[in-house]
Amino acid sequence: MFDPIKVLSPSVSDLDDEAYSLDDFEGVDSRWCHRCGNNAILTAVQKLCAEEQLAPEKTVFVSGIGCSSRLPHYMGTYGFHALHGRALPVAEGIKIRRPDLHVFVTTGDGDCCSIGAGHWLHAIRYNMNMTVLLHDNQIYGLTKKQVSPTSPRGLVSNTSPHGAHLEPLNPLAATLGMSNISFVAHAVDWVPSVLCDIIKQAFHHRGLAFVCIMQRCPNYLPDHFEEYIKDPERMVLLTHAQGLQVEDAVAKRFKHREEHDPRDIDRARELANNRERVPLGILYRNPDVLCYEDVRAGVEHMSVSDKISALEREFDKFTVQPAS
Amino acid sequence: MNDSTALSELNHEQSSPVVAGEPQVQRLRDHVIEIISDSGEGAQKCGQSFASIAAKSGHGIWTVEIIPAEIEPPARSIEGASGNRIRVGSFDVANGGDEADLVVALNEQVLLGRVRAGALKTGCIILLETKWRHHQDPSIVAAYTSTHDKLVADGYRVYEIPMEQVCLQHTSTPQRGKNMFVLGMLNRLYGQDLKLAREQVAFTFRSKSADIVDRNYKLLEAGYDWVGDNLDLRFEIPSAKREQAQIVVSGNTSLALGIMASGMEICAMYPITPATSASHYLSEMFESVGGLVHQAEDEIAACAFAIGASYAGKCAVTITSGPGMALKQELIGLATMAEIPLVIVNVQRGGPSTGLPTKVEQGDLLQAIFGTHGDAPRVVLAAATIEDCFYLPITARKIAEAFNLPVVLLTDANLATAQQPFARPRLRKDWFAAPVDQSAIPEGEAPYDWDRTTGLHRRFTPGQPGGMHTLTGLAHDRKSRVAYDPATNEEGLRHRSLKLAAFQKTLTLPEVYGDVDGDLLVIGWGSTKGVIEEAVEQLRAEGQAVASLHLTYLQPMASGIGDIMKHYRQVMTVEMNWGDRVDDELIDMENRRYSSLAWLLRARYLVDVDCWTEVQGQPLKPRSVARAIRNKLTRG
């Protein structure tokens with residue numbers, strides 16, 4: 001079983017001389033704001049890559065647009081910084097063509113739940129083998145503080161000067177409401193051990209692993225998540241032999257803990273819908289859900305001669321020979 | 001072409017009983033035939049079969065589907081005409097021709113629909129199912145007789161034929177077998193070999209039981225004999241003996257075959273008319289040649305999926321029609337910016353907005369070239385024939401991969417469903433893309449090492465050690481790092497644009513059709529080629545000094561087009577997109593909105609290019625184009 005302490009302090013000396021170190025997964029220097037929650041997520045995925053010894057050339061981070069979506073630039077792997085909302089269909093195209101690649105998607109609440117919402121629902125349904133990290137800071141950061149679909153009602157922003165008009169969209173509940181879901185988890189940037197463990201389990205899940213991460217935006221919503229950080233009533237830690245296991249030091253920080261079997265979708269939905277007490281952990285996991293790439297014929301390994309023969313047979317069907 | 005040989009062969013091969021006093025055979029250069037019925041009566045199958053028989057006997061053919069807008073229009077409705085138009089000629093027919101010369105109609109209402117659509121020539125021969133005259137519903141009898149009488153009064157040559165009554169002798173379900181009776185009729189009328197017709201019937205019903213095949217033979221022969229015994233009409237269109245095997249497919253099937261032969265392996269699409277039938281055929285066949293069709297959740301996702309697949313492997317394709325093309329534009333910009341090969345096929349239909357979903361227009365040329373924000377150079381080419389629909393995807397894939405950019409291939413609703421035989425292609429190994437490059441990138445090489453002259457660079461694909469970088473739609477430097485500084489931004493723009501210039505140097509000038517100098521040069525693009533050339537031929541036969549030039553490459557255009565234009569007193573484009581009419585009161589030289597190609601030619605060559613356009617959702621007719629050319633020559 002995965003050891004969270006090891007993730008917190010990975011011992012590079014354990015690795016072979018030939019192996020990849022954390023440095024191999026560093027790209028250009030992060031340009032995120034000081035204390036931005038994205039930095040914790042970046043560190044977590046870099047640690048994952050080093051831990052799992054993923055070949056950088058076989059790993060692709062795909063993103064859309066927004067603060068979250070700058071992450072691929074800060075990785076030492078291949079990256080595809082695409083268009084606003086379109087990370088998921090790009091990632092699907094990559095995965096169908098190249099099942100050998102490790103595909104990660106980093107997206108934000110605007111990118112995933114607003115402009116790309118259609119793709120989000122369908123990506124869940126395709127259930128392709130990839131890890132999707134939703135950096136949910138509940139605000140548009142890159143465009144400078146506009147209300148997002150996950151902003152709480154009443155949030156004052158540049159486009160909601162009198163407070164957000166609507167109740168927020170709940171990404172966990174929405175995802176758990178879809179058919180063909182296979183992995184849903186919730187993490188927060190300020191508990192790195194749990195974040196790392198969840199991302200690791202997400203990576204090892206076969207299918208689309210959807211990880212929603214509460215991510216702090218110190219610039220535009222400096223105290224926004226303080227209630228969750230300070231008030232032990234506001235979160236419930238989900239642990240289970242089949243889910244998250246945490247060391248006591250971490251567990252002690254949570255007043256509310258629940259043994260939650262990730263196979264129990266009904267309870268997962270109840271937990272997701274409780275906005276008074278936000279769950280932290282793995283809500284749902286089902287490794288037996290059909291993956292799209294399993295039922296689509298691979299495009300590899302057909303010789304050109306075989307292709308030509310197959311096409312010649314097709315041409316035969318449409319051929320008109322001159323009358324004899 | 002040796003007409004007399006063809007004629008004697010036909011006579012020789014007719015083995016059916018000949019009635020005393022076989023009527024006079026009228027020799028024709030070509031004829032336009034329509035077979036129309038309610039949906040589900042098999043007029044399509046009849047038309048396609050007749051066209052195949054004509055192609056086998058060496059005729060040129062061009063078929064057009066007649067499709068009602070609704071899936072199941074009510075029976076006997078004016079808007080419900082379903083069927084086929086076949087132009088048969090003694091030459092290589094390259095367009096659907098003018099109005100119909102002969103129509104077979106299974107009820108008078110669908111016929112009325114075609115009359116109102118202006119589809120019939122004055123004095124057109126009509127072979128009309130007569131069962132409605134004896135129908136138990138008096139309102140149907142009244143509708144039939146009044147329509148019949150009106151058509152006769154208007155000068156149409158109407159022959160009433162008891163099709164169902166005769167078919168009942170051979171089948172208990174004449175509604176389903178009548179189409180083969182009609183096929184037999186047409187074979188006799190046009191002196192086609194009954195043996196070829198029997199072969200065609202056997203092919204059409206190859207998956208059916210021997211009983212069904214046999215019944216259809218009987219119906220075929222019944223139609224053949226009925227004309228022999230009862231009609232005094234006979235036509236003969238001389239044909240040339242062909243040595244070569246030909247492919248008879250629609251433009252969309254041809255396109256799908258071309259995609260499979262191009263080595264592209266992934267097609268991502270979203271259902272849209274009239275592009276979808278290409279994806280139907282691809283969905284059925286692609287996996288057998290190692291590819292797959294992905295039906296995405298929307299047009300945007302389809303384009304993004306194709307871009308992802310291209311980025312990680314070989315060039316992929318997305319197929320759409322106008323509205324879908326509009327939705328993909330932002331992603332086409334991404335493919336341009338990040339320099340990812342991509343083929344976008346746009347089977348054009350009438351626009352803007354939902355427009356005319358099933359009907360033809362050439363309204364997307366400018367959106368194909370310019371349709372995204374910023375400067376997004378891409379290659380745009382257009383298919384002129386069904387054969388082009390096969391070969392151009394192969395070319396498009398090669399251009400996209402060689403120059404790392406999006407290539408837009410334009411076809412249209414006219415080509416999508418039309419059939420025209422072309423020589424069976426000889427498949428070549430070099431059409432298929434090379435395997436995905438997974439070799440290590442030498443140290444020091446950058447993902448955008450633009451060549452200063454051509455703008456070209458080597459693309460890095462995931463899996464290549466040492467090539468790691470983050471591809472981005474943001475302005476970036478040679479290492480693909482986000483860069484907002486002025487010089488780097490211009491460097492990227494310059495190199496992406498230079499690639500188009502480099503590609504343009506590889507283009508050869510298309511040949512002028514007709515005189516190399518004269519009074520008028522007509523310039524066209526896309527599916528109008530056959531029509532324009534036929535019209536030019538007519539005008540030349542009338543002694544006019546006209547010629548035409550047809551462009552496959554619209555962006556960039558080959559060098560030398562400006563020089564060609566200088567050899568003519570006037571230049572005019574003929575297109576199926578809107579151009580303001582100079583006769584309209586408010587239109588003058590300051591505000592006239594020209595048709596798409598005319599805009600482009602005027603802008604590039606500073607030549608006063610005029611335009612004649614028709615945007616009626618129908619393929620152009622040679623007669624209309626000839627009239628337009630005549631007017632231009634007179635008016636100046």
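The expected span of a helix is 1.5 Å times one less than its number of residues. Helices (H or I, at least four residues) and strands (E, at least two) are DSSP runs, numbered from the N terminus. The structure is a predicted model, in which local features need pLDDT of at least 70 and side-chain atom pairs count only at pLDDT 80 or more, while totals for chains, interfaces and linings use all residues. Residues are numbered from 1 along each chain as its sequence is written, chains are lettered from A and ligands numbered from 1 in the order in which they are written, and side-chain values use heavy atoms, with hydrogens and water left out.

Helix H17 of chain B covers residues 529-541. Buried here means under 20% relative accessible area, with exposed over 50% and partly exposed in between (1.4 Å probe, protein chains only). The buried residues of H17(B) are B:Gly530, B:Val531, B:Ile532, B:Glu533, B:Glu534, B:Ala535, B:Val536 and B:Leu539. Among the elements of chain B that cover them are strands E4 (82-89), E19 (518-525) and E22 (568-575), and helix H20 (622-635). Contact means heavy atoms within 4.5 Å. Just after H17(B), B:Gly543 adopts a positive phi of about 95°.

Helix H9 of chain B (residues 251-261) is largely enclosed by the rest of the structure, because 11 of its 11 residues are buried. Among them are B:Asn252, B:Thr253, B:Leu255, B:Leu257, B:Ile259 and B:Met260. B:Gly263 follows H9(B), with a positive phi near 90°.

Chain B as a whole has 20 helices and 23 strands. Its radius of gyration is 27 Å, close to the 26 Å that the globule rule gives for 636 residues, so chain B is as compact as a globular protein of that length. This radius is taken over C-alpha atoms, and the rule is 2.2 Å times the number of residues to the power 0.38. Along the principal axes, the C-alpha atoms of chain B fill a box of roughly 90 × 60 × 50 Å. Buried residues account for 61% of the 636 residues. Of the contacts in chain B between residues at least 6 apart in sequence, 77% join residues at least 24 apart.

One open sheet in chain B has six strands, in the order E3-E4-E2-E5-E6-E7, with mixed pairing. Strands E3 (60-66) and E7 (157-161) stand at the edges with a single partner strand each, so one side of each has no neighbour in the sheet. The twist averages 15° from one strand to the next. Two strands pair if DSSP finds at least two bridges between them. Strand E2(B) (residues 30-37) runs parallel to E5(B) (residues 100-105), and four bridges join them. In this pair, B:Ile36 stands opposite B:Ala105. Helix H4 of chain B (residues 138-153) lies across E6 (120-129) and E7, at about 145° to E7(B). Axes are lines fitted to C-alpha atoms, for helices over the stretch in contact, and angles run from 0 to 180 degrees between N-to-C directions.

E7(A) (residues 183-188) and E8(A) (residues 208-214) pair in the parallel sense over six bridges. A:Ala187 faces A:Ile213 of E8(A) as its opposite residue.

Strand E9 of chain A (residues 235-239) is mostly covered, with five of its five residues buried. A:Met235, A:Leu237 and A:Thr239 point one way, and A:Val236 and A:Leu238 the other. E9(A) runs parallel to E11(A) (residues 278-285) through three bridges. A:Leu237 has A:Leu280 as its bridge partner there. E9(A) also pairs with E10(A), in the parallel sense over four bridges, and A:Val236 stands opposite A:His256.

A:Ser151 sits in the loop between strand E6 (146-147) and helix H6 (171-176) of chain A. The residue is buried, with a relative accessible area of 2%. Its side chain reaches the backbone oxygen of A:Gln138 at 2.7 Å. A polar atom of that side chain also lies 2.8 Å from the backbone nitrogen of A:Ser148. Leaving out residues up to four places away in sequence, A:Ser151 touches A:Gln138, A:Ile139, A:Leu166 and A:Pro168. A polar contact is a pair of N or O atoms within 3.5 Å; within protein, one must be able to donate a hydrogen and the other to accept it, and residues adjacent in sequence count only if both atoms are side-chain atoms.
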